[in-house]
Amino acid sequence: MKRAGRFARGMLGAGLAFLYLPIAALIVYSFNASQAVGVWSGFSTRWYGALLDDEQILAAAWLSLRVAALNASLAALLGTLAAIALVRFGAFRGRALFAALTTAPLVMPEVILGLSALLTFVALEGLIGWPAGRGATTIVIAHVTFCMAYVAVIVQSRLAGQDPALEEAALDLGATPAVAFLRVTLPLIAPAVAAGWLLAFTLSLDDLVVASFVSGPGASTLPMVIYSKVRLGLSPEINALATLLVAAVALTLAISAWLMLRGSARGNGPD
Amino acid sequence: MTRATPRGRLLVLALPYAWLALFFLVPLLIVLKISFAQSLIAQPPYTPLVAHDADGLHLAVHLDAWRLLAGDALYAEAWLGSVAIAATTTAVCLLLGYPMAWAMARAPRRRQALLLMAVVLPFWTSFLLRVYAWMGLLGRHGPLNEALLALGLVERPLVLLHTPFAVYLGLVYAYLPFMVLPLYATLERLDEDLLEAAADLGARPGRAFLAVTLPLSLPGIVAGCVLVFVPALGELIIPDLLGGPDTLMIGKVLWDEFFANRAWPVAAALAVAMLALVGAVLVVQRALGARLAVR
């Protein structure tokens, strides 16, 4: 394979620098002693201390983590079921609509997802009295609706690569469909389900727009609190928070990469 | 699961189907319905579609929101602005992303995985915080201005933040990976022999690129452009944090109509119109995809 020319390689280097420059700046300025972000005045960890004393941010982070975990679990379940139906059920009545519904949230602008979910919650509350008010529950419902689409896409591609003969062999040997699924197919698609869970967790933790629409008083997620602080100007505390989040993401990815390497070294899975 | 009982199938299908119908399909219909309502000072702040009075039930369709959308120059400006900004962002991402994807596809195998990871990684860190980072970088006393001053390129700090420039920068920054990934996927599969054949037949690199590489990578270009254009069109956080009051984008207008003005029918009408535009983009994408597949 011939290597790319000097121009293309230079562009790649510059492009990657462009992608990482802001993240590097966030980290550097989180250790800045000065209140003014951007003006360097010596090394300090005071903003990390300030962050740990900030009740509002801690409460929001806790809410966000709970919402993200519940959302990811529900989205993994529903998205996996949707993927099974789309890959293994062949033609069924309403399949075209179902396929469209599972992919449309991927290309739907966030403002529309948020607005439509809120209007539905308001209408439902007027009609049957549920959900009473808005908060963590409504955020989870709205997040699951678009996150399950991502899970479905990931699990679908893994399922499509699996040989259905394995499951059929289990059925021939007398396993019920449920047992064949749990003992044969599920272990094979487990990495995709786990990847989908992680993606759903991240998307939920990151979402500002949808949550702002469907949240209610007293239920501010972490992005909502960050946004309200950032709109007023720069804050070194937010830099410290960003650094901690980047470290958490890096750690999670390192662990999952290590688990995957270990899994493939032991010969798990066909790929 | 070809031999699963009908009941087992129904169990698998019913849960996701019902969820999506109730929380995705019905909501879109409700938005459509409310776009034909009239604003009220009440809870909820719009008129019901089916009203009843002494004459019995009747349909109350109001076109106020749509008339406002069609008549007020503010909305036309916001639409044109959004489409222009999203299109420019897409073009810049394509120009930057193509050589990047090309260099990735031509890198040694082992390094390709690493480069791919490097492009995807920023996507896993908070979008909001990455946009916020640019507020610091572009500030009046930020590192960028300090560097320009130190190099003697400018005499006074430039006003970078809260300008159209900052909005473009933020959009290109946020959506560049969405362009690079599909381009890389098609370029990586490109048959090296075709380029060699072109060279053997006497084509110069530039001609070989135009005749072979570019046409073969069209599916990736189309996919990348859609992946950048659609979210850029509805973008709200970037114009709000990096743009000034003169940056009108439709997502931001919708947000303000809803939260600041409590004009739910207008916000709903804007959402329906935005949905139609996104739908049109996807239809064009499918048509292009079908034509490319035939060739």
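**Exercise 1. Which residues have the most contacts inside the largest nonpolar core, and how many residues does this core have?**

Step 1. Start with the term: a nonpolar core is a set of buried Ala, Val, Leu, Ile, Met, Phe, Trp, Tyr and Cys residues joined through C-beta atoms within 7 Å. Buried stands for 20 or more other C-beta atoms within 10 Å of a residue's own, exposed for 12 or fewer, and partly exposed for what lies in between, with C-beta atoms placed from the backbone.

Step 2. The largest such core has 168 residues, and the most contacts inside it belong to A:Ala75, A:Leu115, B:Ala101, B:Trp134, B:Tyr175, B:Ala267 and B:Ala271. Helix α3 (residues 55-88) of chain A gives the largest share of this core, 18 residues. Helices (H or I, at least four residues) are DSSP runs, numbered from the N terminus.

Step 3. Domain 1 (15-62) and domain 2 (63-294) of chain B each give this core at least three residues; the bounds come from an automatic or database domain assignment.

Before going on, a word on the model: it is predicted, so local features need pLDDT of at least 70 and side-chain atom pairs count only at pLDDT 80 or more, while totals for chains, interfaces and linings use all residues. Residues are numbered from 1 along each chain as its sequence is written, and chains are lettered from A and ligands numbered from 1 in the order in which they are written.

**Exercise 2. Take B:Ala271 and find what it is in contact with, leaving aside neighbours within four places in sequence.**

Step 1. Two residues are in contact if their C-beta atoms, placed from the backbone, lie within 7 Å.

Step 2. In chain A, the partners of B:Ala271 are A:Val111, A:Ile112, A:Leu115 and A:Ser116; in chain B they are B:Val31 and B:Leu254.

**Exercise 3. At what angle do the axes of α5 of chain A and α1 of chain B cross?**

Step 1. Axes are lines fitted to C-alpha atoms, for helices over the stretch in contact, and angles run from 0 to 180 degrees between N-to-C directions.

Step 2. The axes of α5(A) (residues 110-128) and α1(B) (residues 6-34) come within 8 Å and cross at roughly 85°. The two helices are therefore roughly perpendicular; that label covers 65 to 115 degrees, with under 35 roughly parallel, over 145 roughly antiparallel and the rest oblique.

Step 3. On the α5(A) side the contact includes A:Leu115, A:Leu119 and A:Ala123, and on the α1(B) side B:Phe23, B:Val31 and B:Ile34 are among the residues. By class, the contact has eleven nonpolar, two polar and no charged residues. Here Ala, Val, Leu, Ile, Met, Phe, Trp, Tyr, Cys and Pro count as nonpolar, Asp, Glu, Lys and Arg as charged, and the others, Gly among them, as polar.

**Exercise 4. Which helix supplies the largest share of the side of chain B that touches chain A?**

Step 1. In chain B, 70 residues are in contact with 70 residues of chain A.

Step 2. The largest share of the chain B side, 18 residues, comes from α1(B). That side has 54 nonpolar, eleven polar and five charged residues.

**Exercise 5. Locate a cis peptide bond and two positive phi values.**

Step 1. Most residues other than glycine have a negative phi, and most peptide bonds are trans.

Step 2. The cis bond joins A:Trp130 and A:Pro131, with omega about -5°. A:Pro131 sits in the loop between α5 and α6 (136-160) of chain A.

Step 3. B:His162 has a phi of about 60° and lies in the loop between α6 (143-150) and α7 of chain B. With 17 other C-beta atoms within 10 Å, B:His162 is partly exposed.

Step 4. For B:Arg262, phi is near 50°, and the loop is the one between α12 and α13 of chain B. B:Arg262 is partly exposed, with 15 C-beta neighbours inside 10 Å.
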